[in-house]
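Reader: Can you walk me through this fold? Keep it quick.

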Amino acid sequence: MTILFIILAAALIAYTAFNFFYQRKIMKQLPEEDFRAGYRKAQLIDVREPNEFEGGHILGARNIPLSQLRQRLKEIRPDKPVYLYCQNTVRSGRAAQMLKRKGYNDLNCLKGGYKNWTGKVKKK
């Protein structure tokens, strides 16, 4: 039983480490200043759920929740840069992995997520 637990824990750690480094390879984590400088010329996508989006989002962002991303891929152009953000970068990393598998290459993420955003926001 103890050996099984150790094997499972090691597998989980390895999987987490792989995802962490893979996400860093496929997308640029941009500090707010760099994110702000580029997102107006790109597709700005908030991958949080609609209730989070309505509570406040970056001005000009489209809400395509991670849970709906696979069904709504046609709304995102593969030939233009994609700027992603979520609350703290976990979901944007997953979204970037999904987009990369579908052929998107210019993927950018707001470092620290929306919770660290100090720019203009819109609330519904």
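**Sheet, cores and cysteines**

Author: In β6, Leu 110 is the bridge partner of Leu 30. Before more: this is a predicted model, where local features need pLDDT of at least 70, side-chain atom pairs count only at pLDDT 80 or more, and totals for chains, interfaces and linings use all residues. Residues are numbered from 1 along each chain as its sequence is written, and side-chain values use heavy atoms, with hydrogens and water left out.

Reader: How many bridges join β1 to β6?

Author: There are 4, and β1 (residues 27-30) and β6 run parallel. Met 27 is also in this pairing; its bridge partner in β6 is Leu 107. Strands here are DSSP E runs of at least two residues, helices are H or I runs of at least four, and both are numbered from the N terminus.

Reader: And β5 to β6, how many there?

Author: β5 (residues 82-85) is joined to β6 by 3 bridges, again parallel. Val 82 stands opposite Leu 107 in β6.

Reader: What's the strand order in the sheet?

Author: β1-β6-β5-β2-β4, an open sheet of 5 strands with parallel pairing. The edges are β1 and β4 (62-63), each pairing on one side only. Two strands count as paired if DSSP finds at least two bridges between them.

Reader: Are the side chains on β6 buried or exposed?

Author: Buried, on both faces of β6 (residues 107-110). Leu 107 and Cys 109 are on one side, Asn 108 and Leu 110 on the other. Buried means under 20% relative accessible area, exposed over 50%, partly exposed in between (1.4 Å probe, protein chains only). In a regular strand, side chains alternate between the two faces of the sheet.

Reader: Where does α4 lie?

Author: Across β1, β5 and β6, at about 150 degrees to β5. Axes are lines fitted to C-alpha atoms, for helices over the stretch in contact (heavy atoms within 4.5 Å), and angles run from 0 to 180 degrees between N-to-C directions. Helix α4 (residues 90-101) also forms a right-handed β-α-β unit with β5 and β6. Right-handed means that, with the strands pointing away from the viewer, the path from the first strand over the helix to the second runs clockwise.

Reader: Which residues have the most contacts inside the largest nonpolar core?

Author: Leu 69, Ile 76, Val 82, Leu 84 and Leu 99, in a core of 19 residues. β5, α4 and β6 each supply at least two residues of this core. The largest share, 4 residues, comes from α4. Apart from this core lies another, of 13 residues, including Phe 35 and Trp 117. A nonpolar core is a set of buried Ala, Val, Leu, Ile, Met, Phe, Trp, Tyr and Cys residues joined through side-chain atoms within 4.5 Å.

Reader: Switching topic. How many disulfides?

Author: 0 in the whole structure. The cut-off is a pair of cysteine sulfur atoms within 2.5 Å.

Reader: Last one. What's the phi of Thr 89?

Author: Positive, about 100 degrees, although Thr 89 is not a glycine. Most residues other than glycine have a negative phi. Thr 89 sits in the loop between β5 and α4. At 16% relative accessibility, Thr 89 counts as buried.
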